[in-house]
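Good morning, everyone. Please look at the screen for a moment, and then I'll take you through it.

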Amino acid sequence: MTFAVAASAKDTPNEQSWSFAIHGGAGVLQRANMTPQQQADYRVALQVALDAGAKVLRDGGSAVDAVTAAIVILEDDPKFNAGRGAVFTWDGVNDLDASIMDGKGRRAGAVAGVRTVRHPILLAEAVMEEGRHVLLSGPGAEEFASERGLEIVPPEFFATDERRRQLEMVKADKLSALEVEFKFGTVGAVARDNTGRLAAGTSTGGMTGKRWGRIGDAPLIGAGTYADDTACAVSATGSGEYFIRVAVAHTICERVRSARRLTIAGETQDVPLTTEILQGIVDGVIAEVGELGGSGGVIVVSPSGEPVFSMNSQGMYRGRATAAGLSEVAIFSDE
């Protein structure tokens, strides 16, 4: 199930033409399994993060700043599998991954397996801004965080009783992570600012009970995160192994880029990217994930500003806002 919105957008810094979308994970999200209060709590949490990113854009801020503003809030909310409230590995620790990409010049930064950095998305941004590398991991990434003056916390800061209970279920019943409250709490955001620049970011604790230093799609540029001002910005959530194999984020952007250029009689022409064309591309890539056996969803924003959502799961925590005044959040696939 999908939903999309078209927004009138002009690529000039003097026009309010921004567009923004967030997600907080996808999976088996059924009304029968969530109390009205739980649904309300998630909607409030999503709205707070959505409003934070929208405010940055409304005030003329950059797409990158809007993405980090929203993800920082979600990383601090234990309802989501990122930052505080991240799931436990098999060994009972919280390994955190994140990535961010600036559509201008395709600058990118990512981190994997960090355990003491309060906001992994800010560390990923620092890696991007430093510019020497794209992906740092483990103790080296934490050393870099300290040198950059980012907030360091004790590892137990991220632990919650609920996530520990989920790990115990996996160990006791020898279930897979996908069988324990099947939802991916990975968080992400995509943005288009008033200058037409795009950005995308993703942050996660991975999968419950993951072993052997497993890394999913979230910190991998091209799989869980991608942004290119000539194409689109994408953040993914779902069964990471499948999203990696399809290179979901990059594949979507590459197909958008191709769709925007049409060659007729040897001449290449620009083609308007409609919401319908974008939605079809995104749905097609998610369908490929499903054909391989994977589940999850994506949020996408295009150069013309349409936030598009697609999922092959029963739900995805999500929200969207535009300069035209739209602001809404949703949980279930039929919304």
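Start with the buried residues of H3: Pro120, Ile121, Leu123, Ala124, Glu125, Ala126, Val127 and Met128. Helix H3 runs over residues 120-130, and eight of its 11 residues are buried. That makes H3 a mostly covered helix. Keep in mind that this is a predicted model.

What do the buried residues of H3 pack against? Two helices are on the list: H2, residues 63-75, and H4, residues 138-147. The strands are E3 (96-102), E4 (107-114), E5 (135-137) and E8. Then comes Gly131, which follows H3 and has a positive phi, near 85°.

Now step back to the whole chain. How many helices and strands does the protein have? Its secondary structure comes to eight helices and 16 strands. The radius of gyration is 19 Å, close to the 20 Å that the globule rule gives for 335 residues, so the protein is as compact as a globular protein of that length. Along the principal axes, the C-alpha trace spans about 65 × 45 × 35 Å.

Burial next. Of the 335 residues, 55% count as buried. Contacts also reach across the sequence. Take the contacts with a separation of 6 or more: 71% of them are between residues 24 or more positions apart.

And the outside? The protein exposes about 13300 Å². Carbon and sulfur atoms supply 51% of that area. On charge, there are 32 positive and 43 negative side chains. The centres of those two sets lie 1 Å apart.

Back to single elements. Helix H1 covers residues 36-58, which is 23 residues. From first C-alpha to last, H1 reaches 32 Å. Which residues of H1 are buried? They are Gln39, Tyr42, Ala45, Leu46, Ala49, Leu50, Gly53, Ala54 and Leu57. Just after H1 sits Gly60, with a positive phi of about 90°.

Trp212 has a positive phi of about 60°, although it is not a glycine. You will find Trp212 in the loop between strand E8, residues 198-204, and strand E9, residues 225-227. Is Trp212 buried or exposed? At 80% relative accessibility, Trp212 counts as exposed, because the cut-off for exposed is over 50%.

Ala247 is the other one. Its phi is positive too, near 50°, and again the residue is not a glycine. Ala247 lies in the loop between helix H6, residues 240-246, and helix H7, residues 248-259. Its relative accessibility is 26%, so Ala247 counts as partly exposed.

Move on into H7 and stop at Arg257. Arg257 has 19% relative accessibility, so this residue counts as buried. The cut-off there is under 20%. What is Arg257 in contact with, leaving aside neighbours within four places in sequence? Its partners are Arg106, Asp228, Thr230 and Ala231. For a sense of distance, compare Arg257 with Lys210. The two are 47 residues apart in sequence. In space, C-alpha to C-alpha, they are 35 Å apart.

To finish, go back to the screen and find H3, with eight of its 11 residues buried. Then find Trp212, which counts as exposed. Thank you.

Note on methods:
Residues are numbered from 1 along each chain as its sequence is written. This is a predicted model: local features need pLDDT of at least 70, side-chain atom pairs count only at pLDDT 80 or more; totals for chains, interfaces and linings use all residues. Side-chain values use heavy atoms; hydrogens and water are left out. Helices (H or I, at least four residues) and strands (E, at least two) are DSSP runs, numbered from the N terminus. The radius of gyration is taken over C-alpha atoms; the globule rule is 2.2 Å times the number of residues to the power 0.38. Buried means under 20% relative accessible area, exposed over 50%, partly exposed in between (1.4 Å probe, protein chains only). Contact means heavy atoms within 4.5 Å. Accessible areas come from the Shrake-Rupley method with a 1.4 Å probe; for residues, only the protein chains shown count as cover. Lys and Arg count as positive and Asp and Glu as negative; His and the chain ends are not counted. The place of a charge is taken as NZ of Lys, CZ of Arg, CG of Asp or CD of Glu. The expected span of a helix is 1.5 Å times one less than its number of residues.
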